[in-house]
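Here is a short briefing on one protein model. Please keep the sequence and the 3D view open while reading.

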Amino acid sequence: MGSPSEPKNSPIRFAVSTVRAPANPAEIESNCGATELAPEAAEDLLEECWEQIDSPNQSPNPLAAPLQRHLQRARHVYRLESNATPFPSTEWADWAWSVNALWWIPESDGEPASLRDPAGRQLHGPGSFDAEAQIPFLPESRQRRLGSETAIRNRNLDPVDGTAPLPSSSETETFAPAIAAKRMLGLFAVAARAEAMANGQTLDLDRVRERSPLAADALAPAEKDFFDFVSPPAEMVDTAAWRYESLHTLQWALQMQPELDWPDERCDLASVLRLILSLPHEDLIGHAILRPVEELLRAADLHVCLWWKLAVEGAAGRDIPGELDPGVVAERVHALSWLLQLSGGVPEEAADMSWDQIGREIERGIVG
C-alpha cells in the first residue's frame, strides 16, 4: 500500500493518547519541548483530525472507522516540536506505543495532514497508507481478544478476522455504579410497558412515576419518546421488549446475576423481575457495586466478536451460527458498550443520551 514518508515540512507533531494516565513525555530526554494541550485546544485539534478523515477529497480508507474510534477515545493530546529526522526516534516511538498514541502531522507548506502509527508509519493522509502501519492497541487488549477468539473456537465457530479489540482497562472508565443502577430502572420501565402492551394492557408514564419515580426519571430521550406514544408502532414495542436483555446484562454487571451465559437463549425473566421488584429502588441505587472492569471488558469483547460473526454470516445469507440469539447478543453489546463508554468519555449528566447514541451506532454497524 505504499511506503512511509517522513514529514519534512513541519517540525510540529501531536500525539493523541487514549490512556487515562500516560507516562509524562517531558521525562524523555530530548529537545522536543512536549506540552499537553488544554482541553479546549485538544478538542479543536481532534475535530480537525476527524474532518480530515471525513473529507470528501480523501480517497476511501478502510481504516477510517477505527481511526475515528481512536479519536473518540482520546484523553490526552501533546504538542511536540522537533526537527529531528527521522521522526519519531526510538524513544518517542516506544513512548507512543506505551500510551497508545497516534501521531498527527498537521498540514504545512501545502503538504496535507496525516495520521501515523507510533512508529511513524502513515495510516491516513496523502497517497495510500503504509501496509505495515498499525492502529495501536495495548497488549492487554490484544491478549483479551485472543481469549475471546479461543472461546468462540471452543464452540466450533470461526471468529471474524481483522476486527479491532476493545480498549484496555487503562483506557476505560465505567459509569458510576449508581448511574448503572438508574439505567437499569429506566430499562425496566420501558420493557414493562412493552410487555403490558403485548398483553393488551396499558402502562403510561404517570403510572410508572407513581410506582417508581426513580425509574421514570431514568428514562433516556428515546425512551421518553416511546412513552409519548399512546399507541406506538409495533416495531417500537418489539424493540422495547428486548430491553429485558439489556436489563439482565446490567444486573450481571452490578453483581445481581451470577453468570452471563452463552447468548443462545433469552434471559430468565422471572429472575430478572424478582431482583427488580423485591428490593426498594433507592437501595438498588445506593448499594450498587460493579464487577471489576477487566471482567466487564472480557464479556464485552466476547460479545462484540459474536456481533461481528452474526453480521458477517447474515450479510452472506448463511444460517445463524452456534445457535446464537442475535437479539440477546445485540442487547448485551448495547449495555456493555454503554457501561464501559466505548464511544469515549461521557459526563454523568449525559449518560442517558449516551444510551441512545450507542443504540444508533449499533444500528449503523459501529461496535467496539
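In what sense do β2 and β3 pair, and over how many bridges? The pairing of β2 and β3 is antiparallel, over two bridges. Two strands count as paired if DSSP finds at least two bridges between them. The model is predicted: local features need pLDDT of at least 70, side-chain atom pairs count only at pLDDT 80 or more, and totals for chains, interfaces and linings use all residues. Residues are numbered from 1 along each chain as its sequence is written, and side-chain values use heavy atoms, with hydrogens and water left out. Helices (H or I, at least four residues) and strands (E, at least two) are DSSP runs, numbered from the N terminus.

**The sheet**

- Six strands make up an open sheet, with the order β2-β3-β1-β4-β5-β6 and antiparallel pairing.
- β2 (35-36) and β6 (122-124) are the edge strands, and each pairs on one side only.
- Strands of a sheet pair through backbone hydrogen bonds, either parallel or antiparallel.
- Thr35 stands opposite Arg79 in β3.
- β1 and β3 are antiparallel and share six bridges; here Val16 stands opposite Val77 in β3.
- β1 and β4 also run antiparallel, joined by four bridges. Ala15 has Trp103 as its bridge partner in β4.
- Strand β5 (residues 114-116) pairs with β6 in the antiparallel sense, over two bridges. Leu115 stands opposite His124 in β6.

**Burial of β1**

- Buried means under 20% relative accessible area, exposed over 50%, and partly exposed in between (1.4 Å probe, protein chains only).
- β1 is mostly covered, with six of its six residues buried.
- In a regular strand the side chains alternate between the two faces of the sheet.
- Both faces of β1 are covered: one side has Ile12, Phe14 and Val16, the other has Arg13, Ala15 and Ser17, and all are buried.

- Contact means heavy atoms within 4.5 Å. Axes are lines fitted to C-alpha atoms, for helices over the stretch in contact, and angles run from 0 to 180 degrees between N-to-C directions.
- Helix α1 (residues 39-54) packs on the sheet. Helix α1 touches β1 (12-17), β3 (76-81), β4 (101-105), β5 and β6, and its direction makes about 80° with that of β4.
- Helix α3 (residues 90-98) lies across β1, β3 and β4, and runs at about 125° to β4.

**Aromatic pairs**

- Rings of Phe, Tyr and Trp (its six-membered ring) pair if their centres lie within 6.5 Å; planes under 30 degrees apart count as stacked, over 60 as edge-to-face and the rest as tilted.
- The structure holds nine aromatic pairs.
- Tyr78 and Trp95 form an edge-to-face pair, 5.6 Å centre to centre with 75° between the planes. This pair links distant parts of the chain: Tyr78 is in strand β3 and Trp95 in helix α3, 17 residues apart. Both Tyr78 and Trp95 are buried.
- Phe87 and Trp103 are edge-to-face because their ring centres are 5.0 Å apart and their planes are at 70°. Phe87 sits in the loop between β3 and α3, and Trp103 in strand β4, 16 residues apart.
- Phe87 has a relative accessible area of 7%, so Phe87 is buried. Trp103 counts as buried because its relative accessibility is 1%.
- Ring pairs link Tyr78, Phe87, Trp92, Trp95 and Trp103 into a cluster.

**Charges over rings**

- A charge sits over a ring if NZ of Lys or CZ of Arg is within 6 Å of the ring centre and within 35 degrees of the ring normal.
- Arg183 has its charged end over the ring of Trp355, 5.0 Å from the ring centre.
- Arg266 has its charged end over the ring of Trp242, 3.8 Å from the ring centre.

- The axes of helix α8 (residues 221-228) and helix α15 (residues 351-363) come within 7 Å and cross at roughly 85°. α8 and α15 are therefore roughly perpendicular to each other. Angles under 35 degrees count as roughly parallel, over 145 as roughly antiparallel, 65 to 115 as roughly perpendicular and the rest as oblique.
- Pro221, Ala222 and Glu223 in α8 meet Asp352, Met353, Trp355 and Asp356 in α15.
- Glu331 belongs to helix α14 (residues 326-339). Glu331 counts as buried because its relative accessibility is 8%.
- Beyond its neighbours within four places in sequence, Glu331 is in contact with Trp242, Arg243, Glu245 and Ser246.
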